[in-house]
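Here is a quick tour of one protein model and the DNA beside it. Have the viewer open as you read.

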Amino acid sequence: MFALVDCNNFYASCERVFHPRLNHKPIIVLSNNDGCVIARSNEAKALGIKMGEPAFKIKQFLKDNNVAVFSSNYALYGDMSRRVMNILWKLSQEMEIYSIDEAFLDLSGFNDRQLFEFGQTIRNTIKQHTGIPVSVGVASTKTLSKVANHIAKKHKRDIGVFLMNENKTIERVLKHFPVEDIWGIGRQYANFLKSHNIHTALELKNTSENWVRKHLTVMGTRIIKELDGTSCIPMESVTPSKKAICTSRSFGVMVEDIAQLRESISMYATRCAEKLRKQKSCAGIINVFIQTNRFKPELPQYNNGKIIKLQVPSDSTSELIYHSVRGLEAIYKPGYNYKKAGVIVTNIVPSSQVQQSLFDKMDRATDQQITKTIDVINSRMGRDVIRYAVQGFNRKWKLRQEQLSPCYTTRWNDLLTINTG
DNA sequence: TCTGGGGTCCTAGGACCC
DNA sequence: TCTGGGGTCCTAGGACCC
């Protein structure tokens, strides 16, 4: 048996933990640059606010309805996520962290009553220790546990746990479960299936395997088997290392000048190098890209990228910056308003298995020592306290975050003060 | 004024090998 | 009429996830 534990409206719930006054009030969280709605409390959903809606289009509506609006605070959400996952670690032998707010647990060996009670224990413990509400779905495959979680969240809101283990229950639930809500069925497949008169999970489950294989590839076959109770998607208890790492941002203002692009690209290269070192990997290919604003078709448009192959795979900040900036200079064209830029690293290999080059001229030992020293200082003193000058100091292009909440759990200066008097 | 930022997997087709 | 039979690797594009 699998349990899927999913935090309810995670980002909105994180903000609410530190603003108890907002209990039962509508809350939304915006994407970077305060662009789109990416999280909504139940009250905000009830007002009809859509996921992904551009904030500027509903500004007046938000005001009229007293909606609390937050910029996204990933330091806070990341730390709250870590706390939730740590609690789950203590409760379960085997788990898979599936996303920032979701985890699968392996519940082999529990009987029905224990399964349900364990679900409640999880929910109560997390609520008590972190303030975050979660829903728990329990079933015999991952796909069915996702379905069960939906039911727990939507129809069993006060209990928050749904155990789906009897064939009769499964059949009844799948009969009313829209095909587009199944894990692995996105918009394209949903439209396609509906055009073939398949509207519910039960109808999909009863479709011929050959037909599904032909039109939805092997992924679809797995889905119908999982809906039928045959587990095809195993637990991944060990998080596999990333095969691609991307750091990119839209700018708070339009950027025309190459000097500012250079600053931003250098920062993204720095972040990519940090992410590589964190998972003990080196990258063989760097991809630098710049884009103008696609929402302004009246302005001249220019999108381009440059792929750089490294002679020796690297996790060095200085080397990644060097090549990224050269790449930028190769594609930059003056006279455009740039809106977004980024760095992607791929061809990732474990640091212990880097293929050396006979013609490599770089002094890697020294560079590694420098990088290590910078990492140690920055981890104690704060990100970018020591940085390469090319990263810049003004950051005119930085994100717009007008409603940013404090980093309550990760920054000493932002700790809450509680008046007990 | 204003529209996010990360990832994965699968398949077909083209290139190559013997 | 009639032109083999078996592979691998790489990439772009399309689907999906949070």
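This is a predicted model: local features need pLDDT of at least 70, side-chain atom pairs count only at pLDDT 80 or more; totals for chains, interfaces and linings use all residues.

## Overall build

Residues are numbered from 1 along each chain as its sequence is written, chains are lettered from A and ligands numbered from 1 in the order written, and side-chain values use heavy atoms, with hydrogens and water left out.

Chain A has 13 helices and 12 strands. These are DSSP runs numbered from the N terminus (helices are H or I, at least four residues; strands are E, at least two). Of the 421 residues, 45% are buried. Buried means under 20% relative accessible area, exposed over 50%, and partly exposed in between (1.4 Å probe, protein chains only).

## Where the DNA sits

Look at DNA strand C next. It has 13 residues around it, and the closest are Glu102, Lys146, Gly184, Gly186 and Tyr189. Here, near means that one of a residue's heavy atoms lies within 4 Å.

Several contacts use the protein backbone. A backbone N or O atom of Tyr189 is 2.8 Å from a phosphate oxygen of DNA strand C, a polar backbone atom of Gly184 is 3.2 Å from one, and a backbone N or O atom of Ile185 is 3.3 Å from one. A polar contact is a pair of N or O atoms within 3.5 Å; within protein, one must be able to donate a hydrogen and the other to accept it, and residues adjacent in sequence count only if both atoms are side-chain atoms.

Strand E5 (95–99) and helix H8 (187–195) are the elements that give two or more residues to this surface, and H8 has the largest share, with three residues. By class, the surface has five nonpolar, four polar and four charged residues. Ala, Val, Leu, Ile, Met, Phe, Trp, Tyr, Cys and Pro count as nonpolar, Asp, Glu, Lys and Arg as charged, and the others, Gly among them, as polar.

## Rings in pairs

The whole structure holds 14 aromatic pairs. Rings of Phe, Tyr and Trp (its six-membered ring) pair if their centres lie within 6.5 Å; planes under 30 degrees apart are stacked, over 60 edge-to-face, and the rest tilted. Tyr11 and Tyr74 are edge-to-face, because their planes stand at 85°, with centres 5.7 Å apart. Tyr11 belongs to helix H1 (residues 10–17) and Tyr74 to helix H4 (residues 74–91), 63 residues apart. Tyr11 is buried at 15% relative accessibility, while Tyr74 is partly exposed at 39%.

Phe18 and Tyr408 are stacked, 4.2 Å centre to centre with 5° between the planes. Phe18 is in the loop between H1 and strand E2 (27–30) and Tyr408 in the segment after helix H13 (364–381), so the pair ties together parts 390 residues apart in sequence. Both Phe18 and Tyr408 are buried.

## A buried loop residue

Finally, Asn293 is in the loop between strand E10 (281–292) and strand E11 (303–314). Asn293 counts as buried at 12% relative accessibility, and its side chain reaches the backbone nitrogen of Phe295 at 2.9 Å.
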